[in-house]
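I opened the model and went through it place by place. These are my notes.

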Amino acid sequence: MQLREWAHELGFSQIGVAAVDLGAAEAGLMEWLAQGFHGSMHYMQRHGARRARPAELVPGTLSVITARMDYLPRASPQGWQAVEWQRLREPQQATVSIYARGRDYHKVLRTRLQALATRLAESVGPLGARVFTDSAPVLEVELAARSGLGWRGKHTLALQRDGGSMFFLGEIFVDLALPATPPAASHCGSCRACIDVCPTQAIVAPYRLDARRCISYLTIEHAGAIPEAMRPHLGNRIYGCDDCQLVCPWNKYARVSTLADFDARAPLDGATLLQLWVWDEAEFLRRTEGSAIRRIGHARWQRNLAVALGNALRAAPDAAIEQALRRRRAGADALLAEHIDWALRQLTAAPPAPPATAAG
Ligand code: SF4
Ligand code: SF4
């Protein structure tokens, strides 16, 4: 199919087509919302069942073209997971989720999905098409699974036998009836590595994530104070978390990107916490220009760093970290001040208790 060739030229490694009836996924979605697992992501609730009904979200939609774009930076070494585990063991290093080290994927995917839609329209004639990526109203993983881009792993992300899970998903809703591609079969089997490794026990059951406990949610989506019980378990993760993907056996097949966009930008792949802590807002905005990190703003960035610096102090007292925290305390707003005070208390804190296993 020519669409597939165009997609490859545009940097997508796989595309599929899903029909618009996601009825079977609707009950699971509503139950997840009813249990409050979405935390403060109220937009998820707002879109409600419409998320499982693409034709209601974009009237006239007859098919959804799904697309996968691998994002491992081109320079990733063999055994990149070991490099990441090592970084997580060094309390003074900063860990930023791999997907966020390069250019903002929203922009990269949107532009390329739009280009794909334009090529399709040139070929078939006028076309109603709307592109989405990482968009709240769209059940991305469900669409991906139905169209063969991957199965939904126990960590709730899509993964693929020949590509692991280190990829972004995007969709084009079209008013064109295209033949659906077959779904992907699940290959998690009896594995539960992602459930066991999760630092906050956020995967409360296979295929069920309590976002309120997930470090990705807490460091990126969540606006207020980070719950104290969770803070020790963030370690040095200041933006997102990759642990459930690092441990997944299928990620030995993860593929590096064909695009330079996702190359890691210095210093996001090798900075110390202190190097990032000293950025004022102007420097934060300058250094994160074109990056997804910019979306969380300087206040949340500093909040996350304060927690990680506290965790570093608990691991080993350090005069430079202590002084840097105290210096920033003077001009801090209430939210940051509270996190700095917590961080300083870690100098005398007992080792954290393991996270309580959540039952819901
Ligand atoms: S991203 Fe991290 S905190 Fe969230 S479920 Fe995966 S391992 Fe747990
Ligand atoms: S770690 Fe195991 S259970 Fe989790 S997604 Fe990967 S294969 Fe599935």
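Predicted model: local features only at pLDDT ≥ 70, side-chain atom pairs only at ≥ 80, totals over all residues.

I began with Pro267, which sits in the loop between H11 and helix H12 (273-277).

**Backbone angles**

Asp134 has a phi near 50°, a positive value in a residue other than glycine. I placed Asp134 in the loop between strand E4 (129-133) and helix H7 (140-146). Asp134 is partly exposed, at 41% relative accessible area.

Tyr207 is another case, with phi near 70°. I found Tyr207 in the loop between strand E8 (203-205) and strand E9 (208-209). Its relative accessible area is 32%, so I list Tyr207 as partly exposed.

**Ligand 1**

Which residues surround ligand 1? I listed Cys198, Pro199, Thr200, Ile203, Leu209, Cys214, Ile215, Ser216, Cys241, Asp243 and Cys244. I sorted this shell into 8 nonpolar, 2 polar and 1 charged. Helix H9 (215-221) and helix H11 (243-246) each supply at least two of the shell residues.

I then followed Asp243 out of the shell. Asp243 forms a salt bridge with Arg237, and their closest N and O atoms are 2.7 Å apart. Are the two partners buried or exposed? Arg237 is buried, with 10% relative accessible area. Asp243 is buried as well, at 3%.

**Cysteines**

I counted disulfides and got 0. Cys191 is partly exposed at 31% relative accessible area. Cys194 is buried at 9%.

**Salt bridges**

How many salt bridges does the model hold? My count is 19. I noted one network, which links Arg68, Asp70, Asp162 and Arg255.

Next I turned to helix H13 (residues 281-287), where Arg286 and Glu283 lie 3 residues apart, about one turn of the helix. The side chains of Arg286 and Glu283 meet in a salt bridge at 3.7 Å, N to O. Arg286 is exposed, at 54% relative accessibility.

Glu283 also forms a salt bridge with Arg287, with the closest N and O atoms 3.1 Å apart. Why can Glu283 reach Arg287? Glu283 and Arg287 are 4 residues apart in helix H13, so about one helical turn separates them. Side chains of opposite charge can pair when their charged atoms come close. Arg287 is partly exposed, with 36% relative accessible area.

**A buried charge without a partner**

I checked Glu171 in strand E7 (residues 167-174). Glu171 is buried yet has no salt bridge. The nearest side chain of opposite charge is Arg110, 8.8 Å away.

What does Glu171 touch, beyond its neighbours within four places in sequence? I found Val64, Ile65, Thr66, Leu113, Arg130, Val131, Phe132, Thr133, Val138, Glu140 and Leu143.

**Asn304**

Asn304 lies in helix H14. I read 0% relative accessible area for Asn304, so it is buried. Leaving aside neighbours within four places in sequence, Asn304 is in contact with Thr219, Ile226, Ile238 and Ile296.

**Two alanines in loops**

Ala94 is in the loop between helix H5 (80-88) and strand E3 (95-96). Is Ala94 buried or exposed? It is buried, at 2% relative accessible area. Not counting residues up to four places away in sequence, Ala94 touches Arg87, Asn236, Ile238, Ala271, Thr272, Leu273 and Leu276. I note that Ile238 is on the contact list of Ala94 and on that of Asn304. From Ala94 to His42, 52 residues apart along the chain, the C-alpha separation is 29 Å.

Ala316 is in the loop between helix H14 (297-315) and helix H15 (319-329). Ala316 is partly exposed, with 35% relative accessible area. I took the C-alpha separation of Ala316 and Pro59 too: 57 Å, with the two 257 residues apart along the chain.

Methods: Residues numbered from 1 in each chain as written. Chains lettered and ligands numbered in written order. Heavy atoms only, no water. Buried < 20%, exposed > 50% of the residue type's maximum accessible area, 1.4 Å probe, protein only. Lys, Arg positive; Asp, Glu negative; His and termini not counted. Salt bridge = Lys/Arg side-chain N within 4 Å of Asp/Glu carboxyl O. Contact = heavy atoms within 4.5 Å. Near = heavy atom within 4 Å. Nonpolar A, V, L, I, M, F, W, Y, C, P; charged D, E, K, R; others polar. Disulfide = S-S within 2.5 Å.
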